[in-house]
Amino acid sequence: MRHLLSVEDISTADTIGILDRALDWMPSVREPAKRKLPDLRGRTVINLFYEASTRTRTSFEIAGKLLSADVVNMSSSGSSVSKGEGLLDTAKTIDAMRADVVVVRHSASGAAAYVARKVRAAVVNAGDGLHEHPTQALLDAFTIRARCGRLDGLVVCIAGDVLHSRVARSNALLLRKFGAEVRFAAPRTLQPANSEVLGVTTFTRFEDALDGADVVMMLRVQQERLEGAFFPSIRDYSRAYCLTSARLKLAKPGAVVMHPGPMNRGVEIEPAVADGPASAVLDQVEAGVAVRMAVLAWAIG
Ligand code: NCD
């Protein structure tokens, strides 16, 4: 039994193992006739989601079901529960029900690690506040590998609200480990203070960061996490940081466009780009199911 709280919890060998296994399991995701695998039969996966989610929660549910696990979804949308007694009581309740894996999404950084200390089950972090979203980074690495054939030596530009993005953090950590060059493009107010620690180069002009990029990963402005004004207006933000067809031409020919979703069309990405031939957005969603299957199997051991 193993927890996945950060991309740093997985060794390089295990990361490759997870990506390879996800590739092996892709047929189960794609072809209805081959669907269910017996690997997690008799196991219980609980999805504990304290924050809104479409892709992540659904794909964990499908992943568990494709491996024959019993999957239970618990959500507390609209609840004001933050780290503390509410989460502790929930964790104890889940523990009493003998879950094998608990998948946790919460607005507090460290919430998944907190639950991991309170339950016997393996805990998988499905996004904790501004901290990390390790399975998103794994599915992004899977998608990049599928499109570009490798991670090593690639130039990956991650653009938008980097400051509030657990996706950017987890991706930077994972991609750097595999030898990619990572660039953050964001207004100065939306850049994290620790980009040097992450080994990332920061740019305030989006165009400069795009120059020669193999992959362009766009991020949503995390309105729900903004306290105060980080830019004059959404229009001003969009004028400087929206990925348009014209801007995409600055990246390498054949560059891959990614977005973890949900997309705010017309704000950080032009619809023609989101739906265009460079877009791997739906590949990411598909990869998410196979990668989460591999992560659940890895967590259970
Ligand atoms: C991301 C998240 O929740 O961190 N979404 C996702 O999991 N696909 C990004 C976002 O909400 O903008």
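Which atom of the ligand lies 2.7 Å from an N or O atom in the side chain of H133? It is an oxygen atom of the ligand, in a predicted model where local features need pLDDT of at least 70, side-chain atom pairs count only at pLDDT 80 or more, and totals for chains, interfaces and linings use all residues. Residues are numbered from 1 along each chain as its sequence is written, and side-chain values use heavy atoms, with hydrogens and water left out.

**View 1. Residues around the ligand.** The ligand is surrounded by T56, R105, H133, Q136, R166, V167, R220, Q222, P260, G261 and P262, where a residue is near if one of its heavy atoms lies within 4 Å. By class, this shell has 3 nonpolar, 5 polar and 3 charged residues.

View 2. A polar contact here is a pair of N or O atoms within 3.5 Å. An oxygen atom of the ligand is 2.9 Å from an N or O atom in the side chain of T56, while a nitrogen atom of the ligand is 2.9 Å from a polar backbone atom of G261. The protein covers 93% of the 320 Å² of accessible area that the ligand has on its own (Shrake-Rupley method, 1.4 Å probe).

**View 3. Cysteines.** With a disulfide taken as a pair of cysteine sulfur atoms within 2.5 Å, the count comes to 0. C148 is in no disulfide, the nearest cysteine sulfur, that of C157, being 14 Å away. The sulfur of C242 is 13 Å from the closest cysteine sulfur, in C157, and is therefore too far for a bond. C242 counts as buried because its relative accessibility is 6% (under 20%, with a 1.4 Å probe and protein chains only).

Technical notes
A polar contact is a pair of N or O atoms within 3.5 Å; within protein, one must be able to donate a hydrogen and the other to accept it, and residues adjacent in sequence count only if both atoms are side-chain atoms. Ala, Val, Leu, Ile, Met, Phe, Trp, Tyr, Cys and Pro count as nonpolar, Asp, Glu, Lys and Arg as charged, and the others, Gly among them, as polar. Buried means under 20% relative accessible area, exposed over 50%, partly exposed in between (1.4 Å probe, protein chains only).
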